[in-house]
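Biologist: I would like to go through this structure with you. Can we take it piece by piece?

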Protein chains: 2
Amino acid sequence: MNYPIAIENVCPEIDCGRFPAKAEINSKFYVNAEIFKSGHDIIYAVLKYRKKGKRKWNAIPMENKSDDIFKAFFIPESTGYYEYIIEAWKDSYGSMLNDIIAWHSAGEDISEDLNSIHNIIKYAYSKSINEDKKYLKESIKKFTSMDIEGKLALLNDIKFSSIIKKYQKKEEKSIYCKKLELISDPEYGIYASWYELFTRSQGNNGSGTFRDLILGLDYIKNMNFNVIYLTPVHPVGTTARRGKNGAKTALPGDPGSPWAIGNESGGYYSINSDLGTIDDFDELVKTAGLSGIKIAMDIAFQCSPDHPYVREHPEWFYHRSDGTIRYAENPPKKYYDIYPLNFEIKNKMPLWHEMKNIFIFWISHGIKIFRVDNPHTKPLDFWEWIIKEIKTEYPDVVFLAEAFTKPNLMFELSKRGFTMSYSYFTWRTGHDELIEYFNELNSPPVKNFFRPMLFTNTPDILGKDLDLGRNEFIIRAVLASTLSPLWGIYSGFELCENERLGNTEEYLNSEKYEIKHRDFNKKGNIIDIISRLNYIRSYSNALKKAEGLLFCETTNNKLLAYIRFNDDLSEKVLVVINMDTENIQSGHVRIPLKELGMDENSIFDVNDLLNNNKYKWTGMYNFVMLIPGRRQAHIMVIK
Amino acid sequence: MNYPIAIENVCPEIDCGRFPAKAEINSKFYVNAEIFKSGHDIIYAVLKYRKKGKRKWNAIPMENKSDDIFKAFFIPESTGYYEYIIEAWKDSYGSMLNDIIAWHSAGEDISEDLNSIHNIIKYAYSKSINEDKKYLKESIKKFTSMDIEGKLALLNDIKFSSIIKKYQKKEEKSIYCKKLELISDPEYGIYASWYELFTRSQGNNGSGTFRDLILGLDYIKNMNFNVIYLTPVHPVGTTARRGKNGAKTALPGDPGSPWAIGNESGGYYSINSDLGTIDDFDELVKTAGLSGIKIAMDIAFQCSPDHPYVREHPEWFYHRSDGTIRYAENPPKKYYDIYPLNFEIKNKMPLWHEMKNIFIFWISHGIKIFRVDNPHTKPLDFWEWIIKEIKTEYPDVVFLAEAFTKPNLMFELSKRGFTMSYSYFTWRTGHDELIEYFNELNSPPVKNFFRPMLFTNTPDILGKDLDLGRNEFIIRAVLASTLSPLWGIYSGFELCENERLGNTEEYLNSEKYEIKHRDFNKKGNIIDIISRLNYIRSYSNALKKAEGLLFCETTNNKLLAYIRFNDDLSEKVLVVINMDTENIQSGHVRIPLKELGMDENSIFDVNDLLNNNKYKWTGMYNFVMLIPGRRQAHIMVIK
């Protein structure tokens with residue numbers, strides 16, 4: 001633990017290494033650290049990594065970027081857990097070479113120092129192998145017969161010095177005090193376009209089915225979504241079933257909320273027979289898959305009073321002092337149609353393993369994406385356990401946390417294992433609050449463990465701003481689809497549905513409690529725009545990775561502007577949005593050319609991906625005018 | 001490791017607990033953390049601590065300050081290492097009581113819930129002992145016969161509820177993932193006023209001695225200093241001895257730099273016979289101690305070529321390829337009079353133990369404070385090892401790092417064990433840079449491991465600003481003595497000595513190379529002011545502790561203003577300095593009344609401790625005028 005070289009401020013490192021950092025398969029995973037020691041020696045550092053469970057480490061030399069900052073990356077080539085550490089030692093060769101150069105330019109005699117560095121070279125030669133040995137043998141032979149200037153040139157030669165450094169003694173070797181971990185996720189844990197729907201609304205009359213959905217797949221495919229998220233597909237409880245608009249009593253024929261899970265025909269392993277059979281479900285997963293669309297499944301660990309568990313495992317629920325089972329309560333509210341499970345009962349492991357079995361059952365039916373309902377009401381240690389259990393066995397499976405709660409708890413769920421998370425996006429509508437929120441999400445440490453999934457709307461959230469109508473729907477779609485590689489809409493958004501229940505955030509005649517039959521050709525829809533947004537995303541590495549986000553100053557704060565870019569700055573996308581749904585807004589956008597590695601007087605092309613218009617821009621400040629009804633936003637590639 | 005309750009952002013916690021936080025004996029050590037869990041339950045948390053090596057933990061309930069922030073403190077009652085951890089569990093009683101109150105005020109029937117809480121009460125009673133059991137027995141008897149309002153009143157009773165909470169089941173118990181450590185230092189590691197001198201300059205002619213210094217103690221005592229720091233007292237090398245102003249060759253009679261340690265008469269264990277004997281030294285330590293003054297000793301681990309180690313342990317030094325010993329080099333500079341020790345030789349432990357023996361030898365001669373010369377040129381792991389070795393055995397011993405190097409390395413030395421450290425103070429002379437630097441030092445994490453020792457000058461550093469003369473000397477003395485509980489001057493500062501060698505930061509005719517005979521009655525001296533500053537410090541808890549520092553806005557940026565305060569705000573000292581040495585400056589100072597726990601319209605007394613003037617101030621903005629030559633600064637107690 002007590003080493004001569006200090007290795008500090010390693011990033012990523014989540015809560016002192018308590019939790020794994022998040023990474024993406026086949027993408028660069030950057031690690032940086034401050035590394036320094038006493039005295040004047042220079043330091044050689046390596047980043048070492050391995051797949052968890054393997055013995056052999058791979059070592060990558062770290063680059064000394066500036067002052068004490070060292071940086072390197074590696075590419076996880078499979079999904080699952082990896083480990084990484086940092087090691088550093090004195091760069092004896094480099095340190096002595098520095099001294100020699102300083103002495104030489106001060107006009108001092110360096111013959112003695114050349115002798116000393118010759119010893120380092122001879123040691124490295126003795127340890128070298130194969131090609132390196134051959135090369136060093138040649139070089140040393142030349143070295144001994146060279147004059148001083150020749151010797152200095154060879155010592156400074158990049159190939160020569162890097163081979164010497166590879167084999168030199170690891171003096172003062174120091175190891176970072178912690179082994180860190182990352183989880184490498186499949187691409188759809190980082191980049192995805194989601195479409196949320198109720199299967200029962202997919203037909204033309206009565207309850208829609210999986211078969212109806214299969215027939216309607218083209219509609220979703222044509223919008224270029226690549227994930228369909230199904231609200232729960234299990235049998236729906238009848239006890240205390242809710243009616244239209246959440247009424248306390250249902251009328252005959254009311255289908256109930258799909259989140260009141262289970263009835264006498266089955267629970268988490270079963271399919272609501274109104275939607276079809278398990279075979280139909282399998283068929284849906286398969287057919288969608290052939291179109292490049294994954295099915296995301298809703299997991300809501302809360303039972304209707306009719307769920308089989310109530311009879312078979314009454315010990316898994318909360319009990320009153322008289323022994324009866326407690327329904328869900330959040331004083332002064334009561335939810336008679338829901339029995340919460342008690343995950344902290346004394347003998348909890350049978351319950352926890354049963355929950356794990358539910359995931360594994362649906363994984364066996366082809367599901368790789370789970371959207372978990374209200375994880376913030378279940379214990380943190382339960383999630384840490386179950387996600388680790390499943391991801392160790394099925395590293396391709398990802399989890400989305402639907403937790404709308406305080407920031408600490410939302411972040412904690414991601415630390416404990418959730419691949420991605422719902423966010424406060426729907427409530428961030430102003431220019432400044434969007435900048436503040438997304439700057440927080442895009443900075444370490446949050447950036448390294450939290451992946452925001454930006455839903456424009458959900459069956460529970462019809463944002464107040466959507467009262468502004470179609471142009472606001474466009475604004476929100478552009479924001480959601482470009483501020484995070486993960487975005488989604490809930491069915492009806494593309495039709496600009498915004499009828500509200502009173503002054504609440506609920507939809508009027510919420511689909512949670514009734515079947516909808518929509519007219520997908522409704523006038524004023526934004527289907528084309530959404531298709532285009534998803535299309536643009538699918539071809540842009542700058543939008544598919546969560547790497548770079550830089551908000552730009554504008555001379556008009558009705559204009560929100562930001563740049564998304566990938567790590568090597570090879571792709572840069574500028575988004576400019578008129579946040580005003582009614583009035584033309586114009587002004588100048590300041591392009592941070594320096595930060596983008598461009599000259600301050602550059603002349604550069606910008607191509608609008610929304611309409612293929614091309615412009616030539618010059619220097620930092622460039623003029624933009626956006627006209628509601630004609631053009632609400634630019635999404636422009638900077639070349 | 002996987003617990004249901006999240007315990008995060010614990011402070012103090014230095015580099016994930018890798019290093020101990022710093023604390024002071026008999027002073028409050030505050031710990032805070034973010035503690036939260038899923039769901040709506042409230043949490044009960046305790047801070048546990050123990051002296052390192054003891055088995056039994058002491059538990060302090062933590063106060064939930066706001067949101068998820070919990071806070072508590074304990075008082076280390078001895079010097080040395082302590083351990084602390086945090087534990088938290090569900091506050092079942094408090095959570096249920098919250099629900100009961102919510103249901104009751106919503107007009108719901110709570111009889112069932114009162115039954116449930118009765119079970120918690122009965123469990124607590126069964127576990128309670130002594131007085132608590134008696135009290136609970138009485139209370140429960142009353143409870144059963146009370147009406148609902150009576151029951152609610154008892155349940156809310158602070159005594160009743162805190163006893164129940166003490167004995168309730170620790171459900172969902174969670175333990176912080178790391179055991180943290182602190183080092184409790186003696187008062188003189190936190191608060192001290194240092195006077196640095198060369199013993200050889202203490203006489204009236206020729207080399208001064210310890211006996212001369214004993215005779216001159218009153219001079220230092222009258223200035224209210226409580227530490228005398230002696231530059232090295234060991235035999236001085238003769239090989240390549242430096243002459244006046246650092247000349248490469250000494251003339252006969254030149255005493256040499258005391259930092260070139262060792263000659264044929266001895267080394268680190270010996271006394272330079274010009275200064276007296278070891279008995280004289282012991283007498284000095286004893287006599288000074290009787291006056292409340294500690295002797296700080298200089299430890300400079302670098303040898304003159306004449307040091308006995310060179311003969312006895314040539315293997316402890318650096319060698320050229322021809323086997324000769326290397327003198328100190330920092331290309332293109334060479335220091336022929338110094339042989340650095342090589343702390344990283346293969347068989348290093350005999351050297352390391354020898355170094356430890358040096359400390360222990362001087363500890364046995366009454367030394368408790370070591371000022372370590374250039375620790376940043378020796379390995380970090382050496383310091384971590386040796387300081388831990390010594391402080392484990394002698395927890396009353398403290399170490400001052402004299403490291404003027406990059407911030408990372410200065411901070412690292414403190415993390416590795418140095419009790420206190422020299423700082424950049426001498427180079428921070430402007431209004432804004434003082435604020436920036438001291439805000440950094442007074443904020444976590446730096447505040448929790450780094451204690452700045454503010455020297456106004458050293459034998460190596462005569463700050464350029466001191467060319468401005470007497471008023472600048474006053475400014476610097478006020479700053480140093482009030483911006484940190486640790487400050488010091490090097491002899492001559494009180495006489496406003498500022499003759500400079502060329503345009504360097506070196507003194508002309510530096511005392512490092514020659515004996516000085518000073519006139520301590522020199523006209524224009526600031527002895528009275530320094531005496532007063534040290535006197536004020538000795539009576540002010542706000543200045544003696546490093547707790548609170550708040551810079552105040554002023555309407556004139558030639559006026560620098562700040563408030564020092566202790567943790568409970570019972571003492572508040574306002575310092576206002578005219579940073580202009582020539583001109584009268586006046587303006588308003590904004591007193592941050594709210595932060596100081598005072599009403600915004602307060603009328604309050606301020607007493608100037610420098611001249612006993614009293615003023616009545618009102619509200620936030622108050623007028624100040626400071627006249628160079630008459631009054632350069634206010635140091636005012638706010639009552």
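What follows is a set of questions and answers on this predicted model.

Biologist: How many helices and strands are there in chain A?

Modeller: Chain A has 639 residues, and 58% of them count as buried. Its C-alpha atoms fill a box of roughly 100 × 65 × 45 Å along the principal axes. The count for chain A is 16 helices and 30 strands.

Biologist: Among contacts in chain A between residues at least 6 apart in sequence, what share joins residues at least 24 apart?

Modeller: Take the contacts in chain A between residues at least 6 apart in sequence. Those that join residues at least 24 apart make up 74%.

Biologist: Are α2(A) and α4(A) parallel or oblique?

Modeller: Helix α2 of chain A covers residues 111-127, and helix α4 of chain A covers residues 148-156. Their axes are 13 Å apart, and the helices pack at about 40 degrees. An angle under 35 degrees would count as roughly parallel. The angle therefore makes α2(A), relative to α4(A), oblique.

Biologist: How many charged residues does the contact of α2(A) with α4(A) have?

Modeller: From α2(A) come L114(A), I117(A) and I121(A), which meet I148(A), K151(A) and L155(A) in α4(A). Five of the contact residues are nonpolar and none is polar. The number of charged residues is one.

Biologist: How do α2(A) and α5(A) lie to each other, roughly parallel or roughly perpendicular?

Modeller: The axes of α2(A) and α5(A) come within 8 Å. They cross at roughly 70 degrees. Angles from 65 to 115 degrees count as roughly perpendicular. So α2(A) and α5(A) are roughly perpendicular.

Biologist: How many nonpolar residues does the contact of α2(A) with α5(A) have?

Modeller: I120(A), I121(A), Y123(A), A124(A) and K127(A) in α2(A) meet F160(A), I164(A) and Y167(A) in α5(A). One contact residue is charged and none is polar. The nonpolar residues number seven.

Biologist: Is K166(A) buried or exposed?

Modeller: K166(A) is found in helix α5, residues 158-167 of chain A. Its relative accessibility is 52%. The cut-off for exposed is over 50%, so K166(A) counts as exposed.

Biologist: And T581(A), buried or exposed?

Modeller: T581(A) lies in the loop between β25 and β26 of chain A. Among the residues T581(A) touches are L468(A), N471(A), E472(A) and P628(A). Its relative accessible area is 11%. Under 20% means buried, so T581(A) is buried.

Biologist: How many of the ten residues of α12(A) are buried?

Modeller: Helix α12 of chain A, residues 407-416, is mostly covered. Its cover includes α11 and α13 of chain A, together with β1 and β3 of chain B. L409(A), F411(A) and K415(A) are among the buried residues. The number buried is nine.

Biologist: Which residue follows α12(A)?

Modeller: Its phi is positive, near 145 degrees. The residue is G417(A).

Key: Residues numbered from 1 in each chain as written. Chains lettered and ligands numbered in written order. Predicted model: local features only at pLDDT ≥ 70, side-chain atom pairs only at ≥ 80, totals over all residues. Heavy atoms only, no water. Axes fitted to C-alpha atoms, helices over the stretch in contact; angles between N-to-C directions. Helix = DSSP H or I, 4+ residues; strand = E, 2+ residues; numbered from the N terminus. Parallel < 35°, antiparallel > 145°, perpendicular 65-115°, else oblique. Contact = heavy atoms within 4.5 Å. Nonpolar A, V, L, I, M, F, W, Y, C, P; charged D, E, K, R; others polar. Buried < 20%, exposed > 50% of the residue type's maximum accessible area, 1.4 Å probe, protein only. Lists of a residue's contacts leave out its neighbours within four places in sequence.
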